[in-house]
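Here's a quick briefing to read with the structure open beside you.

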Amino acid sequence: MKFTLSWLKDHLETEATLDEILYALTDLGLEVEGVEDPAAKLAGFTLAKVTHAEQHPDADRLRVCKVATDEGEKQIVCGAPNAREGITVVLAKPGDYVPGIDVTLSVGNIRGVESHGMMASERELELSDEHDGIIELPSGEVGQTFVDWLAENDPAKVDPVIEIAITPNRPDALGVRGIALDLAARGLGTMKPAPEAEIKPAFASPIGISIDDDARENGCEVFAGRLIKGVKNGPSPKWLQDRLRAIGLRPISALVDVTNFFTFDRNRPLHVFDADKVKGDLRVHRTKGGETLVGLDEKEYTFGAGQVVISDDEGVESIGGIMGGLATGCTEETTNVFLEAAVWDRVQIAYTGRALKINSDARYRNERGIDPAFNMEALDLATQMIIDLCGGEPSEVVVAGEVPDVRRAYKLDTDRVQSLVGMEIPAETQRATLEALGFVLEGDMAQVPSWRPDVMGEADLVEEVARMASLTKLEGRPMRRPVEGIPAPILSPMQKREQIARRTAAALGYNECVTYSFIDKASAEMFGGGDDATMLENPISSEMSHMRPALLPGLLQAAARNQARGFMDMALFECGPAFHGGEPGEQHLLISGVLVGRTVGKDVHGESRGVDLYDVKADAEAILAAIGAPAKVQILRGAEGWWHPGRHGKICLGPKKVLGVFGELHPKVLAEMGVKGPAVAYTIYPEEIPMPRKKNATRPALVVNDLQAVERDFAFVVDKDVEALTLLNAAAGADKALIEDVRVFDEFIGGALGEDKKSIAVTVRLQPTDKTLKEADIEAVAAKIVEKVSKATGGSLRG
């Protein structure tokens, strides 16, 4: 929406500066998108007078002029044919920027004669395309600024043009008077009385109008018009042409310019028909499909079925509320004109405009909403303006349909401003604000003006009050805590575990992945899923047909894609849900990571090696420790089939309480997923880790034993296929209160023991808590250890 400052002041009596108006517009929600201020680029130019002019001694077309300026007499060389003694000119001094030629002046030497500035033409100042000579002013004093002279004598040339963005809910701001009303309510001035028209009809309109039944509902609410005969069409007056040009419109003729003026001045699209070209009466109806019309833009449009148009007896003459037809358009020969004003259904306008791909000012306003109560008054005002500019005699108004009743009222609750907006505004101020915006208050009920279709409830009244008071006055205040003291944690314990796990994995050198929750059926089946319960009914693609049963498929697919692009060594992890069913809640949280390739790149020390299960075991234990898993756990076998059968371990609190799994992945799985090289992984089940019994954040006191620990070494001869873990677990279970740690320090296979036997040596650390251990106590524990190991493994103490 564009308008000029002087146009705004036709409706608003104000002393506010341009900057104050621009700030207020944006603050009111009418965001200023741009300002063209011609005065800004003309600010440095002043008036001067040529006191003497003579021929240049070395050029036929140049004259050397003596010019009286506010800085004394200056010599200027000028090539304009009208440079002569006695004229008042516009002076550009050395240092001034001349916009039309994009030059900053300096003292020049032209054919051996110094020139201290220049006398400007209209094109050089970007006032017009005129450049046949320098500007000659009929009046003005030496030293007077050119901007001040223009403001007094030709204000249109220094009239700022303001462009604002209009949101779809504010059609009232598509008219200059609506913008002025907002500024007046803000306190930047007072509204000038709206113009009134006194039309005295002289005859009955020979052109009748009607609305077909199929167009009355959701088509055209009211259609009104009158004939004005004996008009003399021609160019519109200069003030009207200047305003239209300023906002980017091309003046056409007085009759057309009047309708364009009302479109922008009062947000009221109108249309004028050349009455002599209208055959019979005008009828509003819906198209059957296939009808054609050449519009005022000289393009031919073919209508579909159900579009609302205006036709005479011979065919379609106008697209209702969007564009008129070329055949009945007004020209300089027009002497009788039919002026039309109507209220159209907004949805119908949008539907037809989109279908025909027409973007006109009339469509833009009609589909957002115009003031229906202003329809008849707009018809009279436009009639008066046409008579004033073109003469003529008006007929009586003919009307079809009824002006829609949009009256509505809502209760003004002055206390809701505080609760909805957080501003304290006195009740009297609120009522005065709404009255300034055109609302009529009857007690606590506010009658909404007909030009505000966006106000649809009590909250909208509060919004209008707050908007006028300025939301920039809102003060930030901290929200009151519901409970005094330290606030409760925002994250749940499980969410906190997720956060800690992510940070720990990243600190260990892993890169986090976020993969799709959908995978292909083959991959899902490899990891224990792929059944009908987790199948998507409408998958994005065949590669995303099932909910993932684990996170490892997505990580392995990411690793394969990276290897295909030359990245062979990587550490990836993901934290998210996996799904064991298709119903809500049938999911479980997992933390999974994969190591692929080598630990480090090639180096001179030969430290590069392939990743192994001990790397992921250490990482899994570090993450478990960070999220609060117990320190004492068991490592068991028997994980799912996608793990290497002999190179994995389950981290357990018991046979049925699995906290996580680590190890190498099965070679068949790696081959199916396209992953090359050594690949190890871990999966942790955070939901299986017991929650701490204590809910507070206080750490327990540090327990330091002051009694001497004792270590004893044992070597057991067992069968070759006995796992060291079985032996360790048996030894640790001999006395759980006293035995602090059991670890393997040696293994010997074959030799004198035989091919089917091996020796496993362990160190057992005993930590007393109440008394120093005596030899008898140690021997008793040692006997229990030997008994437990012998029972669990079938082995014996090595002699």
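What follows is a tour of some helices, strands, cores and single residues.

Keep in mind that this is a predicted model. The largest nonpolar core has 72 residues, and another core, of 31 residues, lies apart from it.

**The cores**

- Take Leu183 as an example: leaving out residues up to four places away in sequence, Leu183 touches Leu8, Leu12, Ile21, Ala24, Leu25, Leu28, Leu188 and Gly189.
- The separate core of 31 residues counts Val278, Val316, Ile349 and Leu356 among its members.

**Helix α2**

- Helix α2 spans residues 18-27, and its buried residues are Leu18, Ile21, Leu22, Ala24, Leu25 and Asp27.
- Three of those names, Ile21, Ala24 and Leu25, also turn up in the list of residues that Leu183 touches.
- What do the buried residues of α2 pack against? On the strand side there are β1 (2-4), β3 (32-36) and β13 (161-164), and the helices are α1 (5-9), α5 (176-186) and α14 (458-469).
- Just after α2 comes Gly29, which has a positive phi of about 100°.

**Helix α7**

- In α7 (residues 238-246), the buried residues are Leu240, Gln241, Arg243 and Leu244.
- These residues sit on the same side of α7, because they cover an arc of only 160° around the axis.
- The cover over them includes α1, α8 (254-265) and α11.
- Gly248 follows α7 and has a positive phi, near 95°.

**Thr383 in α11**

- Helix α11 runs over residues 375-390, and Thr383 lies in it.
- A polar atom of the Thr383 side chain lies 2.6 Å from the backbone oxygen of Leu379.
- Setting aside neighbours within four places in sequence, Thr383 is in contact with Ile199, Arg226, Ile228, Leu339 and Pro394.

- Strand β7 (residues 88-92) is largely enclosed by the rest of the structure, because five of its five residues are buried.
- In a regular strand, side chains alternate between the two faces of the sheet.
- Both faces of β7 are covered: Thr88, Val90 and Ala92 are buried on one side, and Val89 and Leu91 on the other.
- One partner is β4 (residues 46-55), which pairs with β7 in the antiparallel sense over four bridges.
- Thr46 has Leu91 in β7 as its bridge partner.
- The pairing of β7 with β12 (residues 118-119) is also antiparallel, through two bridges, and there Ala92 stands opposite Met118.

**The β5-β6 hairpin**

- Strands β5 and β6 form a hairpin, with two residues between them.
- Seven bridges join β5 (residues 63-69) and β6 (residues 72-78) in the antiparallel sense.
- Among the paired residues, Lys66 has Gln75 in β6 as its bridge partner.

- β28 and β29 (residues 445-447) run antiparallel and are joined by three bridges, and Val440 stands opposite Gln447 in β29.

**Ala629 in a loop**

- The loop between α18 (613-626) and β35 (634-636) holds Ala629.
- Apart from neighbours within four places in sequence, Ala629 is in contact with Leu624, Leu659 and Ile689.
- Ala629 and Leu653 are 24 residues apart along the chain, and their C-alpha atoms are separated by 9.6 Å.

Technical notes: Residues numbered from 1 in each chain as written. Predicted model: local features only at pLDDT ≥ 70, side-chain atom pairs only at ≥ 80, totals over all residues. Heavy atoms only, no water. Buried < 20%, exposed > 50% of the residue type's maximum accessible area, 1.4 Å probe, protein only. Contact = heavy atoms within 4.5 Å. Polar contact = N/O pair within 3.5 Å; in protein donor to acceptor, adjacent residues only side chain to side chain. Pairing = 2+ DSSP bridges. Core = buried A, V, L, I, M, F, W, Y, C linked by side-chain atoms within 4.5 Å. Arc of directions from axis to C-beta.
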